[in-house]
Amino acid sequence: MKIDVEYHELITNKDIDRRFPAAVAATAEGRGLYQCVACGKCSAGCPISDALEVLPHQIIRKAILGLKTQVLSCPTIWVCATCFRCNDRCPEQVNPASIMFVLKNMATDEGIVPEGIQTLVRSLYANGWASTIINYEREELNLPEVPEANDTIRTILDRAGLKKKSLLEEDKG
Amino acid sequence: MGLEFSDSLLDKWSCCGTTFMKDTDFHPWLALSAYNLALSEGEGRDIITLCNGCFNSLKEGNHILQTNPELLERANASISPLKYHGGVRVEHAMSVLYKEIGLPRLKLYIKKPRPLKVAVHYGCHFLRPAKIMQTDNPDDPTTLEELAGVTGATSVRWKTQQDCCGAPVLATNEDLAIHMISKKLVDIMDNTDAQCVLTSCPFCQIQFELHQTRIGKMLNRKIEIPVLFQTQLLGLAMDLEMEELGFDFNLTPVDSILEHFKE
């Protein structure tokens with residue numbers, strides 16, 4: 001009898017960054033990482049699992065293995081809708097959605113940020129608001145005008161160490 | 001109803017930063033939460049939001065600041081001379097109506113009860129993560145159904161009710177975001193006799209309203225259902241002034257619903 005075996009890509013030592021999982025687990029939101037037992041409940045309940053090539057539990061597994069480049073360049077982390085269903089259903093308090101936030105933060109450090117997200121951060125930094133506020137609509141509702149952007153928000157973002165290079169610069173090369 | 005609002009902070013508030021800021025840069029996101037919370041604390045007030053995104057962002061930020069002294073200190077360093085001490089409560093307006101005002105008291109204000117059939121959409125961030133949001137059972141919530149019930153409406157059951165509307169995905173993958181909302185709209189139209197959708201989050205509201213024509217073209221069929229904000233239906237049933245209810249801003253035709261409230 002012939003058995004068909006599907007060979008997955010082999011992971012070699014050079015793919016692995018051993019400091020990576022420890023760095024994820026060291027963050028406030030990522031400390032559940034090592035608790036994953038790969039039960040797959042997060043992926044089973046994920047509202048976009050039908051559209052994902054790499055599922056949430058696979059991301060968590062890859063992160064534990066230290067596959068930094070694969071994880072940080074994976075589109076899954078950015079299309080996570082942050083519905084938090086996985087956080088609520090995880091039997092081991094891994095909090096996969098929270099870990100997605102940590103991974104997106106790390107991808108940002110590497111200069112990987114979707115344009116749509118950059119646009120929002122840029123607007124927040126420049127105007128104090130993520131979206132454009134239309135004053136004539138407010139006038140119709142007898143609401144006072146939204147005041148001009150002040151420096152306070154910019155100062156707070158600066159002091160908190162906003163990653164300007166990744167988030168504000170038009171062309172990251 | 002015994003609630004007192006202040007607009008004294010209107011010129012100071014910052015955008016909560018919601019998921020896009022937390023996605024990319026945790027500490028500036030937390031600092032924005034700390035800033036808004038410190039402003040409220042300075043006025044001795046709690047925060048009520050009408051938006052699930054702000055609700056989740058501020059309540060999660062608040063939870064982190066209240067339980068992690070190190071992060072609180074770091075955030076406070078960014079917002080000085082303001083300082084947050086952890087003394088503000090963050091609630092969603094719908095939760096306040098349901099839990100604090102209560103249905104019996106709310107009923108006293110209803111002048112035009114109407115037996116409409118509605119499909120209520122909670123929006124993920126109203127319910128989850130449940131341990132932090134503490135509003136309702138995230139797998140079987142009843143808050144919005146019961147609030148709609150006060151106006152005489154019956155809520156239909158629909159399979160995709162608890163699925164995400166896709167709004168947070170708009171910035172990173174528009175096609176996927178539209179795929180997500182199309183599944184919900186089709187479910188409501190094909191499997192229920194709902195006369196309208198009720199939302200309690202402006203971002204979900206946009207997602208439900210904005211793409212109807214586009215999805216109709218995509219699927220080669222008519223996709224059209226009125227989408228109201230939960231407060232708009234409450235306002236209609238309370239017989240508030242039409243101009244105050246902002247129907248000019250709905251992107252879907254709502255006349256079929258307004259019809260029921262013309263005496």
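Mentor: In this predicted model, the sheet of chain B is an open one, built from four strands in the order S4-S3-S5-S6, and the pairing is parallel. At its edges stand strand S4 (154-155) and strand S6 (227-229) of chain B, each of which has a single partner strand, so one side of each is left without a neighbour in the sheet. If we follow one pairing in detail, strand S3 (residues 117-120) of chain B is joined to S4(B) by two bridges, and the two strands run parallel. One residue lets you find this pairing by eye, for Val118(B) has Ser155(B), in S4(B), as its bridge partner.

Where they touch, domain 1 of chain B contributes ten residues to the contact and domain 2 of chain B contributes 16 residues. The area buried between these domains of chain B is about 1000 Å², with 68% of it on carbon and sulfur atoms.

What kinds of interaction are counted between domain 1 and domain 2 of chain B? There are zero salt bridges between them, whereas three residue pairs are in polar contact, both residues of a pair being at pLDDT 80 or more. Helix H3 (residues 52-67) of chain B gives the largest share of the domain 1 side, namely seven residues, and by class the residues of that side of chain B divide into three nonpolar, five polar and two charged.

Four residues of domain 1 of chain A are in contact with four residues of domain 2 of chain A, and the two domains of chain A bury about 320 Å² between them, 53% of it on carbon and sulfur atoms. Within the part contributed by domain 1 of chain A, Trp78(A), Thr108(A) and Asp109(A) supply 88% of the area buried against domain 2 of chain A, which is more than any other three residues supply.

One salt bridge is counted between domain 1 and domain 2 of chain A, and the side chains of Asp109(A) and Lys163(A) meet in a salt bridge, at 3.1 Å from N to O. Three residue pairs in polar contact are also found across this interface of chain A, both residues being at pLDDT 80 or more. H7(A) gives three residues, the largest share, to the side of domain 1 of chain A that touches domain 2 of chain A.

We come finally to the meeting of the two chains, where the contact takes 47 residues from chain A and 53 residues from chain B. Chain A and chain B bury about 4100 Å² between them, 63% of it on carbon and sulfur atoms. Across this interface of chain A and chain B there are seven salt bridges, and in one of them Arg85(A) pairs with Asp163(B), the closest N and O atoms being 2.7 Å apart. The interface of the chains also holds 19 residue pairs in polar contact, with both residues at pLDDT 80 or more. Among the elements that give two or more residues to the side of chain A that touches chain B are helix H7 (96-109), helix H8 (115-127) and helix H10 (151-159) of chain A. By class, the residues on that side of chain A divide into 27 nonpolar, nine polar and eleven charged.

Lys22(B) lies in helix H1 (residues 18-24) of chain B, while Glu29(A) lies in the loop between helix H1 (19-25) and helix H2 (41-45) of chain A, so the pair joins two chains.

Notes:
Residues are numbered from 1 along each chain as its sequence is written. Chains are lettered from A and ligands numbered from 1 in the order in which they are written. This is a predicted model: local features need pLDDT of at least 70, side-chain atom pairs count only at pLDDT 80 or more; totals for chains, interfaces and linings use all residues. Side-chain values use heavy atoms; hydrogens and water are left out. Contact means heavy atoms within 4.5 Å. Buried area is the accessible area (1.4 Å probe) that two parts lose on being put together, summed over both. A salt bridge is a side-chain nitrogen of Lys or Arg within 4 Å of a carboxyl oxygen of Asp or Glu. A polar contact is a pair of N or O atoms within 3.5 Å; within protein, one must be able to donate a hydrogen and the other to accept it, and residues adjacent in sequence count only if both atoms are side-chain atoms. Ala, Val, Leu, Ile, Met, Phe, Trp, Tyr, Cys and Pro count as nonpolar, Asp, Glu, Lys and Arg as charged, and the others, Gly among them, as polar. Two strands pair if DSSP finds at least two bridges between them.
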